[in-house]
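Subject: A structure for you to explore

Hello,

Here is the structure I promised to pass on. Please open it beside this email and follow along as you read.

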Amino acid sequence: MHETQDAKALDDVIRELGLGAETAAWLGVLWGKSAQRGGGASHLLLGHLLDTAAVAECMWRTFVAPWMRWRLDEVTGGRGRLFFMWVCGIHDCGKATPAFQSLDAEGAARVRAAGLVWGPGASMKPVWRHDKAGGVLLSRVLGQEWGPEQSRWVWPLVAGHHGVFPGAGILQRGAAGGEPQGRGEKWQRVQRALLDVFTRAVGFEDIKSVCPVGPLSKAEQLALSGMIVMADWVASNSEHFAGQDNLAGLSLATARLRATTGWEALGLRGGWGELPLPVPGEDLVRVRFGEPARPAQVQLMELASEMPASGLLVVEAPMGEGKTKGALAAAEILAARFGLDGVFVAMPTQATSDPMYTQVLDWVATFDPELADQVALLHGKHMFNPRWQQVWQTHASGNDSHDDLYGAIDEDDAYGLADTGCAPERRGPALWFLGRKRGLLTGFGVGTVDHLLYAATRTRHVMLRFAGLAGKVVIVDEVHAADVYMRQFLTEALRWLGQARVPVVLLSATLPPAQRQLLVDAYLAGASGADIHVRVPEPVGYPCVTGAWVAEGQPVVHRPRAAAKSWRPSIPVQLSWLADVSDRGEAVAERVLQEIADGGVVLVILNSVDRAQGVYEQLTQTLAAEVHLLHGRLCATHRADRTDQCLSRLGPGAGRSRPKRMVVVATQLAEQSFDVDADLLITDLAPTDLLLQRIGRLHRHDGTPRPARMQSPRVIVTGIEQGPAEVPRLLRTSEFIYGVYTLLRAAALVREAAGDIGAPSGELAGEDWMVPTDVPRLVAAAYSDVNLFPAQWQATEDEARIAWEQEQAKRTAAAQELLLTGHRDWGRPTLAGLHYQGSARFGDEGQMEALVRDGEEAVEVVIVRKVPGGYTALNGTRLGIHGEASEAPVVEAVLGGTTRLPGKLTRAAEADLAPLPGWSAHPWLRYTPALVLDEGNTTRLGGYEVAYDDDMGLIVK
């Protein structure tokens, strides 16, 4: 007999085990949460273990992805549910030690009175926390009962449940003193009794019967660890799990009632559950989006249906081809076939995440309208997205403190969770998911790619992030946008996802061949457990789909024999030069005025905010037409509003609302996933793949009426001029952002079509670019070793290449220090020591964006105005005398003034700016520095005059 099915009271279990009155008395005083943390009454340790096990059972029914249930059943001989309950509940067994029991005076007194005593060296907080103590206790007992092979992957799950996985050596050294862990026969007896009683109460006969029949992979262990943390955090909510200090009242049945009530009150749930398999040959693009699938989408769905194992799909297709809709259709197939419970769509920026959130919301609603409540928008400005407000804030029950609802435990808090806020009163999304580190646990998510990269960093609670990803199909859009620094985290994430057999779909219009190979190698390395290299065949055409998986131990890279036909035929794009490297872009503004004289829509993409502001200012002074400015130094509200305006005026459904004359002046925000249709593009020179992305905004939609002189797509490349000895002179900002080498290679390719930079406009040297046919050729050439340069550029190119290679190596090395697993440690089979590999230092959770994005660090601030008697938000909403903002609409108005300072102001901002005094109690404001403007809308910061203009955004002089 391996399991017992009845949920007995603990005193009955104690009698069955023959533990005696003294042991029962000890178990009746060991506390897990103090009265302060238990809602007025202390909570017995056994009670908390049972609560957590009961929460785990709720998770198993309605939250845990099918693939994890299948795997746990596989490695436990069909007892996956019980094992999951047991491993979640046992997490706090280390609290049965003097190191923990001594922390609360009232609780400690009861424990001592029962005969469990300790000396003065027992309290070693935070050196000897209960997570480490639990690792020592469990490794000792399981090593005896199970043997080392199985125990060695289970004890780290307990030792790491507060966010950091220590190594076995650290635990041995910490336990060597004995006193914090518990000296003498009594402590060893009560610790073993705790494990035995809990194990029997959950439903196993004894600890030996819990032993798995096989191990999980390291990535699966990491996902399971995240589930343990989630169960612990939910069960530590004192509103639904009030303290119980009477052993006779504890049982699994009681814990189940508490867990069910709390789980339902919090509104927690997963995504699809077990999704039924689509009908073979069914057009899921038509089913979900109401339009017939295009050839590239059909090819993608067919490969998702035919691949024999969960794996990686790389989709390379032109801008506007419908890659994302095809990826979502493929995700449905993959989820149904391989047991995934939802989808996470990773986008390059906040601006590109917002429209994708709307698309995913509408897609999820086609399965079940109520499922749309489970779609989270994961970026720092989600509260300004109108659809997010409709779905999430409607259900907030007036509580604006989402960030701390049932919030994560402070690392110095040895007792449990502090609770704030209250549960939603009606059906809606679970606000619990909005807390720090928890967003990926929602059933469906859309957000910046940073959230995927965070799951590949050596940071606290990384297991929560990975657990959220491991239950989903992961889609990464615009994957080429990751620079060499970010790619280190991306490939690390792919290794872990590959080992967990999580399906991943990567999307790009402009993916260099070397990057494609790198990404495929990373996923296959994880899936196979070894560093392998399987050459990715050259594409047979464009669009193209690449599949990679491991089946029956063999890595496979597959490409369809024939390329899918592009949805639209290629069109010639004419390129020409416009010499201008000035900060204000005078020549650019003048050219816009010339081009738009007879009407049309011009998109101007410039590489710096200052340059974009300069061009916009000149145009608004002379042009009687719509002119929109979009850049990263607009406050959050203005940026969101203007993005919506541009999309509504120039998007695919614009129709009659499309203006006769309109100019959009933007920075790189308009580079990708910005679904607008321009008649003419004027752009600063950028690396070739990004230049092609910008061209993807040109003549994007069929049937768009255009002026006669703009019937054919044209691109005017600026940000460059002829320099000495005919070597190009580049915009300094462009050099800083992209480096000289990639810009020179892009310039050489443009030169083939547009002629020499100094040549008169219209005197073209070569053929137009055929888009999209030429996209793979141009990207491959840009990132190859082929010499593209005229002789007079060669010396400059050689110098730039050496500098670029050195910089690439430097940035790669910098990222390696923060990766979740160093290359030498990837083969380790367990999580033991994960956070201490190579060094005891690991990334700071409070600066996640700085960890995964290299470059000039920028600070986000909230702009407010100082007025007589207090402050106002940027939009004029009155605040308290010290900046107090107690009501949700006022907080929203304050946060609407959030903007990002340029890097040159970072040091001054960190030294001189702080939150307003009245923000100290608010979870969203208390850590946000305020940029306080005077009544003239200006201030001084770091030797600069800083102002905010409603049209221009933040201005730095």
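Below is what I found, one topic at a time.

Before you start, please keep in mind that this is a predicted model.

Let's begin with a helix. Helix 30 covers residues 794-816, which makes 23 residues. From its first C-alpha to its last it reaches 33 Å, close to the 33 Å expected at 1.5 Å a residue. Which of its residues are buried? They are Glu-797, Ala-800, Gln-808, Arg-811 and Ala-815. The cover over these buried residues includes helix 21 (484-499) and helix 28 (740-754).

Next, the cysteines. A disulfide is a covalent bond between the sulfur atoms of two cysteines. How many disulfides does the structure hold? The count is 0. Cys-88, for one, is in no disulfide, and the nearest cysteine sulfur, in Cys-58, is 11 Å away. Cys-88 counts as buried because its relative accessibility is 0%, under the 20% cut-off. For Cys-211, the closest cysteine sulfur belongs to Cys-93 and is 16 Å away, so it is too far for a bond. With 18% relative accessibility, Cys-211 also counts as buried.

Finally, have a look at Arg-642, which you will find in helix 25 (residues 636-650). Arg-642 is buried yet has no salt bridge. The nearest side chain of opposite charge is that of Asp-951, 4.4 Å away, while a salt bridge needs the side-chain nitrogen and the carboxyl oxygen to be within 4 Å. Setting aside neighbours within four places in sequence, Arg-642 is in contact with Leu-629, Leu-630, Leu-634, Asp-950 and Asp-951.

Enjoy exploring!

Best wishes

Conventions: Residues are numbered from 1 along each chain as its sequence is written. This is a predicted model: local features need pLDDT of at least 70, side-chain atom pairs count only at pLDDT 80 or more; totals for chains, interfaces and linings use all residues. Side-chain values use heavy atoms; hydrogens and water are left out. Helices (H or I, at least four residues) and strands (E, at least two) are DSSP runs, numbered from the N terminus. The expected span of a helix is 1.5 Å times one less than its number of residues. Buried means under 20% relative accessible area, exposed over 50%, partly exposed in between (1.4 Å probe, protein chains only). Contact means heavy atoms within 4.5 Å. A disulfide is a pair of cysteine sulfur atoms within 2.5 Å. Lys and Arg count as positive and Asp and Glu as negative; His and the chain ends are not counted.
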